[in-house]
Amino acid sequence: MKRNIFLFVVLSVSIIILFGLNLMTGSVHIPLSDIWTILAGSFTGKESWRFIVWDSRLPQALTAMLCGSSLAVCGLMLQTAFRNPLAGPDVFGISSGASLGVALVMLLLGGTVETSLFTASGFLAILIVAFAGAILVTAFILFLSSVVRNSVLLLIVGIMVGYVASSAVTLLNFFSSEDGVKGYIVWGMGNFGGVSMSHIPLFAFLCLAGIIASFLLVKPLNILLLGPQYAESLGISTRRIRNILLVVVGILTAVTTAFCGPISFIGLAVPHVARLLFRTENHQKLLPGTLLVGTVIALLCNLICFLPGESGVFPLNAVTPLIGAPIIIYVIMKRH
Amino acid sequence: MKFYGLLFGREREADSLFAVVEKNYQALSEKANQSRITRSVLPDRKVGPVWYLPGGESSVGLLYKDAHGVYAYAKDKHSGSLSMPFETVLDKFGQSDFWILSYRGDFNRAKLLAEFQGYSMLKPCRTGEIYGCKVDSIPYFEEVSWRPDWLLSDLIQLFHPDLHIAPMRYYHKLK
């Protein structure tokens, strides 16, 4: 009990420190005192600095926190529901569905979506189609979930759906221009900085709604740990839980992929880190723990992306596996 | 050009063509040197989290030097492109006089601003000095390595609005 409280405190303090570091780090050096005045609203210096802190670094740090926690929670729920330590938000092809939507808009339609109801271009177009693609795949997986009883088979079908979406994306890339392919590939590398301050309220609302929904699933998740037979004997409908879980995971993954692109590894690795730290399978402690660890790791990855400083920036999906892969290897080693 | 000449066995023709291009190029560069107004350039745009900018010693960077224009990375020694986050671009290029970029298909200022909200912080967005080249109908990439003097002419007129050489071949003001 004491250990858990200690861990929660350490993680929370780390989040605050990393958040501050994220605000201070970037390719342009802004002194800490100026950052304080900018946040307080009484800055009278360079307009570009005000923009950099308020409209670039702050939304980026907030996005990292929301994405990190959402994806980590998704990963935990999937790993428990499917009793598979390698399950993650990208395993069901939900990110692939989003990627297909984005590829269609970027490579086929030239960046603009025009329907009889509305016309959207640029960031908004990407957002809408990524979300739509992810939700369509989620709906399809949900439909299959009501037909396929076995969780392992559902997992396999989900992976196959992902492959089909990827093949369509490959086709689109093959017939595209250089710029189109480059634009699509860079989108696929993930980016916490794509969400502007005006979009943060919507993004935060959706992520927090999903996270709160996952907290309501703590008890069923704990019961699922006992195995499907015991769970059924306790009167829990495993299929219903699985379906609710898929909806929550689908929406959270759709939202994060739509706003930030497909982010690899956080959903897969963070639950394992949390299990190592908290030494429990009880979701009452593990879920909030996973949430905090996910936030810490996402903020850390965002910080590392800005290490080159004045000379450039690292893409997000190049940094997350560097943190995630050693953890996975360690988990495997420890188990055997 | 000379290489293709060797490849196809038409060295003398290639050499004579090259001499024409070189003479034209040097003449244009001389003219640019005498201009009284010199502006600063902001090239290309953001792709995801990075903005690819030409290095100081890249082919485009050297063109900017020969056009006697102002480019914030003129002293950079890279012959390839630099990948910079938006913060750096805002800091170094935020007050640029004009912005040049290439695009495919249908494009205008509204679509450019829809791509990324932060573009509105750049001075060329407020002054309207944004010039685009429609590369899927204008053979920009195909011609540039062959006749760099044509691109130089466009750049010189953008850098030095007091010089008028010929109607711009590649760039037009984005509406």
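**View 1. Strand E6 of chain B and its partners in the predicted model.** E6(B) and strand E7 (residues 172–173) of chain B are paired in the antiparallel sense over two bridges. Within this pairing, Tyr131(B) has Lys173(B) of E7(B) as its bridge partner. The model shown here and in the views that follow is predicted. Strand E5 (residues 98–103) of chain B pairs with E6(B) in the parallel sense, over five bridges. There, Ile130(B) of E6(B) is the bridge partner of Trp99(B). Strand E6 of chain B spans residues 130–134, and four of its five residues are buried, so the strand is largely enclosed by the rest of the structure.

**View 2. The interface of chain B and chain A.** In this interface, 21 residues of chain B are in contact with 28 residues of chain A. The two chains bury about 2,100 Å² between them, with 57% of that area on carbon and sulfur atoms. On the side of chain B, the residues that lose the most area to chain A are Pro49(B), Glu87(B) and Met121(B), which together account for 28% of what that side buries. Nine residue pairs in polar contact are found across the interface of chain B and chain A, both residues being at pLDDT 80 or more. Strand E3 (50–54), strand E4 (81–84), helix H4 (86–93) and helix H5 (109–115) of chain B each supply at least two residues of the side that touches chain A. The largest share, six residues, comes from H4(B). By residue class, the side of chain B that touches chain A divides into 10 nonpolar, five polar and six charged residues.

**View 3. Salt bridges across the interface of chain B and chain A.** The rule finds two salt bridges between these chains. In one of them, Asp91(B) is joined to Lys46(A), the closest N and O atoms being 3.2 Å apart. This pair crosses between chains, from helix H4 of chain B to the loop between helix H2 (32–40) and helix H3 (47–81) of chain A. Asp91(B) counts as partly exposed, at 30% relative accessibility, and Lys46(A) also counts as partly exposed, at 44%. A further pair joins two chains because Glu87(B) lies in helix H4 of chain B and Arg57(A) in helix H3 of chain A. The side chains of Glu87(B) and Arg57(A) meet in a salt bridge at 2.9 Å, N to O. Glu87(B) is buried, with a relative accessible area of 3%, and Arg57(A) counts as buried at 4% relative accessibility.

**View 4. A salt bridge within chain B, between Glu143(B) and Arg169(B).** The side chains of these residues meet at 3.1 Å, N to O. The pair links distant parts of the chain, 26 residues apart: Glu143(B) is in helix H7 (residues 140–144) of chain B, whereas Arg169(B) is in the loop between helix H8 (148–159) and E7 of chain B. Glu143(B) has a relative accessible area of 17% and is therefore buried, the cut-off being under 20%. Arg169(B), at 40% relative accessibility, counts as partly exposed.

**View 5. A network of salt bridges formed by Arg39(B), Glu129(B) and Lys173(B).** These residues are linked to one another in a network. Lys173(B) is also the bridge partner, in E7(B), of Tyr131(B). A search of the whole structure finds 12 salt bridges over all chains.

Key
Residues numbered from 1 in each chain as written. Chains lettered and ligands numbered in written order. Predicted model: local features only at pLDDT ≥ 70, side-chain atom pairs only at ≥ 80, totals over all residues. Heavy atoms only, no water. Contact = heavy atoms within 4.5 Å. Buried area = accessible area lost by both parts, 1.4 Å probe. Salt bridge = Lys/Arg side-chain N within 4 Å of Asp/Glu carboxyl O. Polar contact = N/O pair within 3.5 Å; in protein donor to acceptor, adjacent residues only side chain to side chain. Nonpolar A, V, L, I, M, F, W, Y, C, P; charged D, E, K, R; others polar. Buried < 20%, exposed > 50% of the residue type's maximum accessible area, 1.4 Å probe, protein only. Pairing = 2+ DSSP bridges.
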